[in-house]
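Hi,

Here is the structure I promised to pass on. Have a look at it first, and my notes follow below.

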Amino acid sequence: MRDRQAKNLGLAIVGAGRVGLFRGEVAARHPQVGWIGIAEKNPERAKLVAEKLKADFVTDSYEELLSRPEVNAAIISTDEHLHVDPIMKAVEHGIPMLIEKPLATELADSAKVLAAIESAGIDAVVGYTQRFRRRWLAAKEKVSAGQLGDITLVTSRAFMNRLVAIDNYKRTTHPERISPMVISGTHALDIVMWMMQGKTPVEVYARAIDKALGPEYKGIDATSGVVTFSDGTIYQATISWALPVVWPGAVYSLDVGIVGTEGVLTIDDTHRDIVLATSKFQGEGYAPDATRRVDFMGSYPPGDMALGELRGPMREETDSWLNRVSLGLPTPAATVADAHKNLMMTKAFDLSARLKRPVALPIDAKDDIYS
């Protein structure tokens, strides 16, 4: 006989944008979710998402939603810079959370949120969705089992369509605060740091370039750097989010190599295994563009819509989290401590590139060049 009983969930979704809808549709099919409420500032968007999810409650106030007696789980899926206030409100009510990355956009806020969640003893995880792709889970298993021996070198190369960068720069009045490492490089960094669990990073040395996105958007094209760990292990990371709009990757393409004393593991997550070429418009990605005619299918990080449902890592991640809060099952999700460390390290890459010198880790809030 099983020794656990499932808890019925009243789910609050704070922020009903693209990701809020994806996760809400998965939740609406989950057998333990009996009530869904939405908080969304945009009334037209709130109406559309509420109809799709058959939501039980809709408001433009996260305070009102998180105060409802039915709520015992929350998804925080607002824009990145608006995470902090609803997280702190959920902490007040003791509500378990799935928070979209990053935990906050500034290191001081991230530290405040981390301290509040840990002090309250709340179960909260952060949406580093790529952990839920099968290839990364299989790689994690082999690394954890010691198949490679002691890890000595890791490389990661993330290539992104510039549509993502342009979308980010157009949505902000402070482009100097938007960097490829903090917004997108954090995904590759999270995967690598997950594989390197137990090792301590002590220094980062990075450089950045801005020839493509700098003139028009005052943005950064690419950042590349080296992280050194306390035992001498080296991690070389490169991200460019300035690839041409016609590049076949809708969003993200990643190559990782992990070298140990007993073996090597190479992971091709570039999505070149399924290529669609057509004379018709490609609607994939966060900011689809009519000039794209070739597509690396699967390069949209949340997954793919097929037969009316989202298929892929965000579905796996959301289902996994709902099982975690309803059944108490363990999951491989990133903790809030993982998320805070990831933000700190991406900020350290940017700081080193700005200073053009190595930076000792960890850095703290006073070193945050974007605050």
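A definition to begin with: buried means under 20% relative accessible area, exposed means over 50%, and partly exposed is in between, with a 1.4 Å probe and protein chains only. This is a predicted model, so local features need pLDDT of at least 70 and side-chain atom pairs count only at pLDDT 80 or more, while totals for chains, interfaces and linings use all residues. Residues are numbered from 1 along each chain as its sequence is written, and side-chain values use heavy atoms, with hydrogens and water left out.

With that in hand, His 271 counts as buried at 6% relative accessibility. His 271 also has a positive phi of about 70 degrees, although it is not a glycine. You will find His 271 in the loop between strand E12 (264-269) and strand E13 (275-277); helices (H or I, at least four residues) and strands (E, at least two) are DSSP runs, numbered from the N terminus. Lys 54 is another non-glycine with a positive phi, here about 55 degrees. Lys 54 is exposed, with a relative accessible area of 69%, and sits in the loop between helix H2 (43-53) and E3.

A cavity is a set of points on a 1 Å grid over the protein atoms alone where a 1.4 Å probe fits but cannot get out, and lining residues have an atom within 4 Å of a point. Grid points are joined across faces, edges and corners, and a volume is the space filled by probe spheres set on the points. Searching the whole structure gives 2 cavities of 30 Å³ or more.

The largest cavity holds about 60 Å³. Its lining includes His 271, along with Arg 133, His 187, Tyr 252 and Asp 269. By class, that lining has 2 nonpolar, 5 polar and 2 charged residues, where Ala, Val, Leu, Ile, Met, Phe, Trp, Tyr, Cys and Pro count as nonpolar, Asp, Glu, Lys and Arg as charged, and the others, Gly among them, as polar.

The second largest cavity has a volume of about 40 Å³. Among the residues that line it are Met 181, Leu 189, Tyr 235 and Ile 239. Strand E7 (151-161), helix H8 (180-195) and strand E10 (234-243) each give two or more residues to this lining.

How many of the 16 residues of H8 are buried? The count is 16 of the 16, so H8 is largely enclosed by the rest of the structure. H8 bends by about 55 degrees at Thr 186, the bend being the angle between axes fitted to the seven residues ending there and the seven starting there.

Now the sheet. An open sheet of 7 strands runs in the order E3-E2-E1-E4-E5-E6-E17, with mixed pairing; two strands pair if DSSP finds at least two bridges between them. Strand E3 (57-59) and strand E17 (334-335) are the edge strands, each pairing on one side only. Strand E5 (residues 97-100) and strand E6 (residues 124-127) are parallel, over 4 bridges, and Ile 99 has Val 126 in E6 as its bridge partner.

Finally, the cis peptide bonds. One joins Lys 101 and Pro 102, with omega about -10 degrees, and Pro 102 lies in the loop between E5 and helix H5 (107-120). The bond from Leu 361 to Pro 362 is cis as well, with omega near -5 degrees; Pro 362 is in the segment after strand E18 (359-360).

Best wishes

Notes:
1 Å grid on protein atoms, 1.4 Å probe; cavity = no way out; pocket = protein on both sides within 12 Å on 5 of 7 lines; lining within 4 Å.
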